[in-house]
Amino acid sequence: RHQTTMGGESVRLYVRGSILGYKRSKANQYNHTALLKIDGVVTKNEVEFYLGKKMAYVYKAKTLKKGTFFRCIWGKVMRAHGNTGTVKAKFTSNLPPSSLGGSVRVMMY
C-alpha cells in the first residue's frame, strides 16, 4: 500500500519486520504468539509506539483466489519481549512454519 505525495514520490506506510520464531520455553512452543524484530527498534521504550499496531504477513500461494496469488494474515503487536526491541504478536490464524525468518509489514497507522 503506497501513498503518493504532491511531489509524486511514493511513501511507504509500513515498517519492515522479521519473524524470529514462536513464543517458547525450553520444552514447549506456543504457536499462537510470534516473536518479531521490527527494523530500527532497539529498546523497550521504542516498542511503545508500535503497541496495538496492525501488521500483515503477505505471502504468495500457488492457486488463484479472488483474482490474486497473494494472501495475507493480519496480526497485532501485543507487547515487548525482552529489552532489545523484540515484540510479541498475535495473528488471526497462527503463522505457518514456512513464515519463520520471513518478513512482515508493521503498519504505521
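Which strand does V87 lie in? Hi everyone, let's start there: V87 belongs to strand β7, residues 86–91. Strands here are DSSP runs of E with at least two residues, helices are runs of H or I with at least four residues, and both are numbered from the N terminus.

A quick word on the model. It is a predicted one, where local features need pLDDT of at least 70, side-chain atom pairs count only at pLDDT 80 or more, and totals for chains, interfaces and linings use all residues. Residues are numbered from 1 along each chain as its sequence is written, and side-chain values use heavy atoms, with hydrogens and water left out.

Now the overall picture. The protein chain has one helix and eight strands, in the order β-β-β-β-α-β-β-β-β. Its C-alpha trace spans about 50 × 40 × 20 Å along the principal axes. Of the 109 residues, 31% are buried, meaning under 20% relative accessible area, with exposed being over 50% and partly exposed in between (1.4 Å probe, protein chains only).

Back to our valine. Is V87 buried or exposed? V87 is buried, because its relative accessible area is 0%. If we skip neighbours within four places in sequence, V87 touches A34, L35, L36, I38, V47, V77, R79, A80 and H81, where contact means heavy atoms within 4.5 Å. V87 and L51 are 36 residues apart in sequence, yet their C-alphas are 8.7 Å apart in space.

What does β7 pair with? Strands pair if DSSP finds at least two bridges between them. Strand β4, residues 29–38, runs antiparallel to β7 with four bridges, and β6 is antiparallel to β7 with six. In the β6 and β7 hairpin, four residues sit between the strands, and G82 takes a positive phi near 80°.

Finally, the surface. V58, L64, F69 and F70 form a nonpolar patch with about 370 Å² of accessible area together. Areas come from the Shrake-Rupley method with a 1.4 Å probe, and for residues only the protein chains shown count as cover. Strands β5 (54–65) and β6 (68–81) each supply at least two of the patch residues. F70 sits in β6 and is partly exposed, because its relative accessible area is 49%. Thanks, all!

Note on methods: Patch = residues over 30% accessible without salt bridge, like charges linked within 9 Å, V, L, I, M, F, W, Y side chains within 5 Å. Salt bridge = Lys/Arg side-chain N within 4 Å of Asp/Glu carboxyl O.
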